[in-house]
Amino acid sequence: MRKLLLSLTLALAFASSASAQLSIGLGYTGDNKTWSIIGENVKTNFNEFYVGADYTVCHFGPIDFTPGLYLSFLGKTYKEPLFAGFSWVGKFSEININIPVNFSYGIDFSDSVRGFIYAGPTFLVGLSSQFKSTGEKKSSNIYSKQYGYSRFNILLGGGIGVDFAEKLRVSVGYNAGVINRDLNKTLNGKITEGGFHAGIAYLF
């Protein structure tokens, strides 16, 4: 048993060290949040920009396992109330940590071009979520008990990408959140999110 465990450990270490690869990238996400209150749904698109890194830790044949760590910034200016009777007019901003854990399958089209598809969960942790009403000097913390906006979400998704000369990566994909971020659930409230994203990365 010890020999078997040692053999597996050495094989994993060899596979990891032989193919481990760091990439640093940035991109854009059209983050669509759906706010639902008493049966009324309103979709709002947020401009979200992200920067961070992925690290392919092991590679078995065409299958890669790649976790990552990204910081994202999104914002939206509301020029009119989101719902009738609600006074949300102003600027909404949010900063998140995103931790994608992806599995990918790649095919070499030539010596310098490799295509791949990927899928997996992304764990979202909110650092800051603020709303500043028009004419007000102070911002409101949307994570406070008053608003009940959750800091956490899990998004499921996937996408496609292309590596050029093992140095440049271009990818597009889609993520959909699976958790209702309205903790208070007042007025049968629900907040869900998801969106397409596109990015570029440099491979080391």
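Reader: How many salt bridges does the count come to?

Author: This is a predicted model, where local features need pLDDT of at least 70, side-chain atom pairs count only at pLDDT 80 or more, and totals for chains, interfaces and linings use all residues. Residues are numbered from 1 along each chain as its sequence is written, and side-chain values use heavy atoms, with hydrogens and water left out. A salt bridge here is a side-chain nitrogen of Lys or Arg within 4 Å of a carboxyl oxygen of Asp or Glu. By that rule the count is 9.

Reader: Which residue forms a salt bridge with aspartate 31?

Author: Side chains of opposite charge can pair when their charged atoms come close. For aspartate 31, the closest N and O atoms of the pair are 3.4 Å apart. The partner is lysine 33.

Reader: Is lysine 33 buried or exposed?

Author: Buried means under 20% relative accessible area, exposed over 50%, and partly exposed in between (1.4 Å probe, protein chains only). Aspartate 31 has 5%, so it is buried. Lysine 33 has a relative accessible area of 1%, so lysine 33 is buried.

Reader: How many residues apart are glutamate 94 and arginine 181?

Author: Glutamate 94 forms a salt bridge with arginine 181, with 3.5 Å between the closest N and O atoms. Glutamate 94 is in strand 5 (residues 90–108), and arginine 181 is in the loop between strand 9 (168–177) and strand 10 (190–203). Strands are DSSP runs (E, at least two residues), numbered from the N terminus. The pair is 87 residues apart.

Reader: Which residue meets arginine 181 in a salt bridge of 2.8 Å?

Author: The distance runs from N to O. The partner is in strand 10, 12 residues from arginine 181. That residue is glutamate 193.

Notes
Helix = DSSP H or I, 4+ residues; strand = E, 2+ residues; numbered from the N terminus.
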